[in-house]
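I opened a new notebook page for this structure.

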Amino acid sequence: MVCLGGFSGLSAQTHSKPLPAEQEIQLSYGADRLGKRQDAAMKRFRDNRLGAFVHWGLYAIPGGEWNGKVYPGAAEWLKAWADVPSGEWLKLMDRWNPQKFDARKWARMAREMGVKYVKITTKHHEGFCLWPSKYTKNTVEYTPYKKDILGELVKAYNDEGIDVHFYFSVMDWSHPDYRSSIKTEEDEKAFMRFLEFTDNQLKELASRYPTVKDFWFDGTWDASIKENGWWTAHVEKMLKELLPGVTVNSRLRADDFGKRHFDSNGHLMGDYESGYERRLPDPVKDLKVTRWDWEACMTLPENQWGYHKDWSLSYVKNPVEVIERIVHAVSMGGNMAVNFGPQPDGDFRREEKLMAEAVGKWMKKYGECVYGCDYAGWKKQSWGYYTRKGRSVYMVVFNPPYSGNLTVNVPQGIKITGAVMTGKGENLKVTETARNEYNVGMPVSDPGEPFVVRLQVEETSGSSDKYRDALT
Ligand code: H79
């Protein structure tokens, strides 16, 4: 793949640069593989590109308010903000009775939004399980609602052709054996029991819901887990043995030295990098991310994953801003999961429904620049982003310039022979303005929304081998 400018001089902020092979440290729990996974399941994960995240748990009931005080922090962390003891927090289970919950409605909404997969919080930090786990009483089974929410969702999404991914927090605020750090022998014993409990829950999830395609681990930053890197490697192996093809995020893993995501030799652990939470790599400076698979996730307000009753506390992104983030991720070879925090009654808030609808409308028209697309390797321009699928290079235009000309710099050996607006089929004027530079004219009428231009490109006879794969 062509990477204009190469990767030289790019700072490695999220990981250490890989060492030359002869200088690498021997690791027992480091990366299992070098480079991207290329099997069919991984390709499917990657080609899906657009996903939804669903954060649903007891925290939806108080919605950010405890004893009359509204906490502006993330609603799913309310137990921590308000320092609520577990016993008291778990009493919320008596109020878990989402009368409007209809898994098929959720799945239809996801299909209409154009998402190809949904990541569901099976258990967040609070420890409440959306499935009837036999290893704890903190589950849906012991609520007035009783039913297996997770099972209903898996079935409903799969029936709509949508892949299901499981979010799972290792950190569990309600388990008596959980420890954030290990200071005594007693802690050590308790924590080993906790890891066994976690293994059991994961095996249970894998066997009850065998169509699950991915595990996304969270709550893995505590010292207790970092000091037990062996366990994180074991979990990934265990899940892959139980579910051939399953994908696992980098956030699970810690190596022999407690180094997370990337091991002490700078190699990615897990199948894809998962550190871009509520942020994205810089499209010019962070091109290093195109070397591995990655998935970002985003919230609509600044930082609310679970349902919070007051969204006036921070800026809420509009649908175009959501679309731009999706395209931004894909243009750098990443996936994007857009978050939903359903209400305690099982319905979605208005803002989320409107966003899903608007994104879905856009995806229906322009989705070909997202699904199955990847980093194009062309120089970023201020009007928007490029994505690429095989021989098609897409321009996704968010900021049309006043000049009415969209500048395109092509890699050496590439010629543009045409430009067509996706959806409308309108041909746009292409003018060669300099060596390896073109202007693509704006459509006659203002599309009034971000729009997509598919470029017809050819390799010129003089194209060097170096760039031969620019279009493959
Ligand atoms: O589920 C959503 C969030 O609740 C969860 N991940 C997304 C997908 C999440 N929230 N915060 N974090 C992940 C990052 C954790 C930040 C921490 Fe800390 C900083 C953990 C330890 C240091 C500050 C101090 C928060 C807890 C202690």
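**Entry 1: the ligand.** I began with the surroundings of the ligand. His55, Glu76, Trp77, His124, Tyr167, Trp216, Asp218, Trp221, Glu277 and Trp305 surround it. I keep in mind that this is a predicted model. Next I sorted the shell by class. I noted five nonpolar, two polar and three charged residues around the ligand.

Then I looked up distances to ligand oxygen atoms. For histidine 55, an N or O atom of the side chain is 2.6 Å from an oxygen atom of the ligand. For histidine 124, the corresponding distance from a side-chain N or O atom to a ligand oxygen is 2.7 Å. Tryptophan 77 also has a polar side-chain atom 3.0 Å from an oxygen atom of the ligand.

**Entry 2: the whole protein.** I stepped back to the overall fold. I listed ten helices and 16 strands. The C-alpha trace spans about 70 × 55 × 40 Å along its principal axes.

Does the radius of gyration agree or disagree with that of a compact globule? For 472 residues, such a globule would have a value near 23 Å; the protein has 23 Å, so the two agree.

I checked burial next. Of the 472 residues, 57% count as buried. The exposed surface comes to about 19,800 Å², and carbon and sulfur atoms supply 49% of it. Among contacts with a separation of 6 or more, 72% join residues 24 or more positions apart.

**Entry 3: tyrosine 71.** I turned to single residues. Tyrosine 71 sits in the loop between β3 (69-70) and α2 (78-81). Is tyrosine 71 buried or exposed? Its relative accessibility is 15%, under the 20% cut-off, so tyrosine 71 counts as buried.

I then asked what touches this residue. Beyond neighbours within four places in sequence, tyrosine 71 contacts Gly64, Trp66, Leu78, Trp81, Ala82 and His308. I also noted a pairing across the sequence. Leucine 313 is 242 residues away along the chain, yet its C-alpha atom is 9.8 Å from that of tyrosine 71.

**Entry 4: glutamine 201.** I found glutamine 201 in helix α6 (residues 185-208). At 0% relative accessibility, glutamine 201 counts as buried.

**Entry 5: two positive phi angles.** Most residues other than glycine have a negative phi. I wrote down two residues with positive values.

Lysine 146 has phi near 70° and is not a glycine. I located lysine 146 in the loop between β4 (117-123) and α5 (149-159). Lysine 146 is exposed, because its relative accessible area of 57% is over 50%.

Arginine 278 has a positive phi of about 60°, again without being a glycine. I placed arginine 278 in the loop between β7 (247-248) and β8 (294-298). Arginine 278 is partly exposed, with a relative accessible area of 41%.

Terms used. Residues numbered from 1 in each chain as written. Predicted model: local features only at pLDDT ≥ 70, side-chain atom pairs only at ≥ 80, totals over all residues. Heavy atoms only, no water. Near = heavy atom within 4 Å. Polar contact = N/O pair within 3.5 Å; in protein donor to acceptor, adjacent residues only side chain to side chain. Nonpolar A, V, L, I, M, F, W, Y, C, P; charged D, E, K, R; others polar. Helix = DSSP H or I, 4+ residues; strand = E, 2+ residues; numbered from the N terminus. Rg over C-alpha atoms; globule rule 2.2 N^0.38 Å. Buried < 20%, exposed > 50% of the residue type's maximum accessible area, 1.4 Å probe, protein only. Contact = heavy atoms within 4.5 Å. Areas by Shrake-Rupley, 256 points an atom, 1.4 Å probe, with all protein chains shown as cover.
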